[in-house]
Amino acid sequence: MAMKKLFLSLSSFLLLSTTLTFAAQSWQGQCHITRINAQDPSYRLRAEGGVSEFWDHNSDEFQCAGVAIHRHTLRSKALMLPAYHNAPLLAYVLKGEGIFGVMISGCPETFESSQQTRRQSEEEGSGRRQRFLDRHQKIGQFRQGDILAIPAGAAHWAYNTGDQEFVVVVLQDTTNNANQLDQNPRSFFLAGNPGNPGQEQEQSHGGRRGSGEQRQHELGNVFRGFDVQTLAEVFGVDEETARKLQGENDERGHLIIVERGLQVITPPLAGEEYGRREEGYGGRDNGVEETICSAKIRENINNPSRADIYNPKAGRLTTVNSLTLPILGFFQLSAARGVLYRNAIMAPHWYVNAHTIVYVTRGEGRMQIVNHRGEAVFDGQVGEGKVVVVPQNFAVVKRAGDQGFEWVEFNTNDNAMINTLSGRTSAMRGLPADVVASAYQISREEAERLKFSRSETLFFSGSSRGRVASA
């Protein structure tokens, strides 16, 4: 009997090991990339209040990184209907301003309005009674340059309060541990009739939308799957109201216009809300600063004074990670905003522990990406609105054009780490001169020149010689 149990245990162990090995090999195989492309949106969904654009997450690059990218453009007074997703979101506000809410079950409704009724006051003498007009969870305000972190499964909405368009680019981390479904991005709407036949749907570049891609971008109202009687009972309303929850005849789409303006309870925005998070003595947290209900989910990376790395002649890099926005530690994500001045160079580098998804926000530049075989998997010009995926450990260099080059990047680690190939803190600088001389078959003097010719760390000012060389 003992031998039989031992045999079964060994068999189960071997089966599990084989399965895990196969799964790991299958996952690793998704990063066998021989060519990287600078990508545009492949699919657009138009609604009353704007348009949503989707990049093809089935491409080799996005499958390798395990993410999906969307971009939403909302007209003035447009509301993005409440929805939740199967994976955490990291969003960057490209343009505009507005308000947003994230609803988390169990968190208190701390924003409330009340009205004192004089009649009740007179009848009750000196005692005054308040009647609450509305009560809801807290509302935040956003502006250009904000990074917003939305947990998986948390319903959220956004409203454009400005006179201009509000544009936001969103990363959905579909391979995050919070997603227990497959790698397809999914959106679960709580209102309207998103994706209805009345909405204008476009396939970019005249491409044909296959059944697989159509399923990826189908949007729906979760209430439509329930019968009307059940909805009427659980909400305590009549069946007519319950049918409106399902939005069956609503042809406005997932972005709608609120002509009268959105009437919500929100305090005035204080300037210090966009400052750095205060740290206690010694710079360490005591563990009670934030809960899921009070966690800070916004950080602005647009202000040059917020830069982490800065060269007045070349550019700057501003990062946000779990040290500056602690909730990112749960997401295992981070972000950065880069600015290169005219013809400046960002040193050749690689990310040690993260894939990087680069979205170009302004200008134009040249990017070169090299894999472990020494092959250039990408070498080309990229402009505003392009997305380029840089897999983990692939070396990359950026050079700005005549109009400069700006981008925002999302990283699949909450504390993404860079190693450089040239500059004051580079791998080359850390090598002994004799190792450099022997490795490249050059003299010791040439090796020292190779090591110490650049005193900058990450951003190099351009030169006429460099411009000729990069042509």
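Which residue is the bridge partner of M80 in strand 16? The partner of M80 in that strand is L255, and the sections below place this pair in its setting.

## The model and its confidence

This is a predicted model, in which local features need pLDDT of at least 70 and side-chain atom pairs count only at pLDDT 80 or more, while totals for chains, interfaces and linings use all residues. Residues are numbered from 1 along each chain as its sequence is written, and side-chain values use heavy atoms, with hydrogens and water left out.

The pLDDT, which is the predictor's confidence in each residue on a scale from 0 to 100, averages 83 over the protein, and 77% of the residues score at least 70. Over residues 10-29 the pLDDT stays under 50, and the model has five contacts for them beyond four places in sequence, where a contact means heavy atoms within 4.5 Å. Residues 116-126 also have a pLDDT below 50, and this stretch has eight contacts in the model beyond near neighbours in sequence.

Helices (H or I, at least four residues) and strands (E, at least two) are DSSP runs, numbered from the N terminus. Strand 4 covers residues 78-85, and because six of its eight residues are buried, it is largely enclosed by the rest of the structure; here buried means under 20% relative accessible area, exposed means over 50%, and partly exposed lies in between (1.4 Å probe, protein chains only).

Two strands pair if DSSP finds at least two bridges between them. Strand 4 pairs in the antiparallel sense with strand 16 (residues 255-257) over three bridges, and it is in this pairing that M80 meets L255. Three bridges also join strand 4 to strand 11 (residues 155-160), again antiparallel, with A83 standing opposite H156. Strand 13 (residues 187-189) runs antiparallel to strand 4 as well, joined by three bridges, and there H85 stands opposite S187.

Eight strands form an open sheet in the order 14-1-2-3-12-5-10-17, with antiparallel pairing. Strand 14 (201-203) and strand 17 (298-300) stand at the edges with a single partner strand each, so one side of each is left without a neighbour in the sheet. Within this sheet, strand 5 (residues 89-95) and strand 10 (residues 146-150) run antiparallel and are joined by four bridges, and Y92 has I147 as its bridge partner in strand 10.

E299 belongs to strand 17 and is buried, with a relative accessible area of 3%. The side chain of E299 makes a polar contact with the side chain of R306 at 3.2 Å; a polar contact is a pair of N or O atoms within 3.5 Å, of which, within protein, one must be able to donate a hydrogen and the other to accept it, and residues adjacent in sequence count only if both atoms are side-chain atoms. Leaving aside neighbours within four places in sequence, the contacts of E299 include G145, D146 and I147.

## R35 in its loop

R35 lies in the loop between helix 1 (2-29) and strand 1 (43-47) and is partly exposed, with a relative accessible area of 46%. Beyond neighbours within four places in sequence, R35 is in contact with E61, A376, V377 and F378, and a polar atom of the R35 side chain lies 3.2 Å from the backbone oxygen of V377. The C-alpha atoms of R35 and E375 are separated by 9.4 Å, although these residues are 340 residues apart along the chain.
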